[in-house]
Amino acid sequence: MEKNKVYKNVSLIKFNSWKVGGKAENFVICSDINFLRRLIKNKEVYQPIKFIGLGSNILVRDKGLKGTTVVMHKGLNDFHKQGELFYSEAGLSCSKFSKMIAKEGYLGSAFLSGIPGTIGGALAMNAGCYGSEIWSFVKKLKMISAEGELIERNINDFEVGYRKIKKKYDAENFVGAWFSFPKGKKEKAEEEIKKLLAHRKNTQPLNWPTAGSTFKNPDNNYAAKLIEDCGLKGFKIGDAKVSEQHANFIINLGAAKAKDIEDLINHIKKIVLKEKKIKLIPEVEIIGNI
Ligand SMILES: Cc1cc2nc3c(=O)[nH]c(=O)nc-3n(C[C@H](O)[C@H](O)[C@H](O)COP(=O)(O)OP(=O)(O)OC[C@H]3O[C@@H](n4cnc5c(N)ncnc54)[C@H](O)[C@@H]3O)c2cc1C
């Protein structure tokens, strides 16, 4: 499939980590932001426009997505140092970003090394783990407006929460960001990445299609523990199954439909509410036509 070209009715199965879902009505793989700006300005793309990265935190419904889906991760991955800041475009993978920061001899990016998404997706979700979150390191943002203009924003234009961001200018999307990390020793930074990747491998079902943690952790509690305590480990709907290894992960055994996963999410919510009186909130974003 060529980059910077608009296609019609493209299956999104290959573009999300659960490997499910319907078709995008219009679909662009963007590697040139000026191409996208022209499309928007000339009204050659259909609204709404949905930006996606590696699709590792979305559940695309089987009936697909209206409007235009823009995939950012095959290009738009410039990374460079600018003074004491690092600039990264939104399409760069978190894993490459983390490794490049470490290689430059800066500390604190290791938590991103095992997150299988893009910088754009991580900014949109305030991705984090092991006590760190990406927005703690953000200094400035480059956005694209609904009119196709490129605009720089500062962090006060965003409300940052646990796995959520509220933008002051809602219709804008992330093109890139400037980050600051503390200076340290390259060896220490690279060692930290190795340690966290090994820990992840031992605790998460990384060989199956998943979207990572399905639910946010409630205050002072863990979604995985609540789900396990309700006896739901291994519970299946169709080919969607609660992982035996990590109860907050839903795995696709092969032929799951998005509906199976959504039904399983609703079932888990219902049981945990009934048994534990706690309302689980999905961390994954469920998108698409009903
Ligand atoms: C095995 C596994 C482990 C995971 N572990 C973690 C973890 O430890 N911590 C964690 O936080 N998450 C984790 N995740 C979830 C996921 O990887 C992160 O949320 C990641 O940041 C999503 O990035 P993405 O590029 O895949 O975004 P997508 O899933 O493509 O999109 C997610 C959201 O971001 C929006 N978005 C994407 N790009 C842009 C853009 N350029 N501008 C505006 N909006 C945009 C999308 O519209 C959507 O709303 C895990 C997932 C998996 C599969």
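The secondary structure of the protein chain in this predicted model comes to six helices and 18 strands, where helices (H or I, at least four residues) and strands (E, at least two) are DSSP runs numbered from the N terminus. Residues are numbered from 1 along each chain as its sequence is written. Because the model is predicted, local features need pLDDT of at least 70 and side-chain atom pairs count only at pLDDT 80 or more, while totals for chains, interfaces and linings use all residues.

The overall dimensions of the protein chain are as follows.

| Property | Value |
|---|---|
| Box filled by the C-alpha atoms, along the principal axes | roughly 50 × 50 × 35 Å |
| Radius of gyration, over C-alpha atoms | 19 Å |

That radius agrees with the value near 19 Å for a compact globule of 290 residues, by the rule of 2.2 Å times the number of residues to the power 0.38. Of the 290 residues, 41% count as buried, meaning that 20 or more other C-beta atoms, placed from the backbone, lie within 10 Å of the residue's own.

Around the ligand there are 32 residues, the closest being Gly-53, Gly-117, Gly-120, Gly-121 and Gly-212; a residue is near a molecule if its C-beta atom, placed from the backbone, lies within 6 Å of it. At least two residues of this shell come from each of β3 (49-52), α3 (119-125), β8 (128-129) and β14 (173-179), and α3 gives the most, with five residues. Domain 1 (7-71) and domain 2 (79-203) each contribute at least three residues to the shell, with bounds from an automatic or database domain assignment.

Notes: Buried ≥ 20, exposed ≤ 12 C-beta atoms within 10 Å, placed from the backbone.
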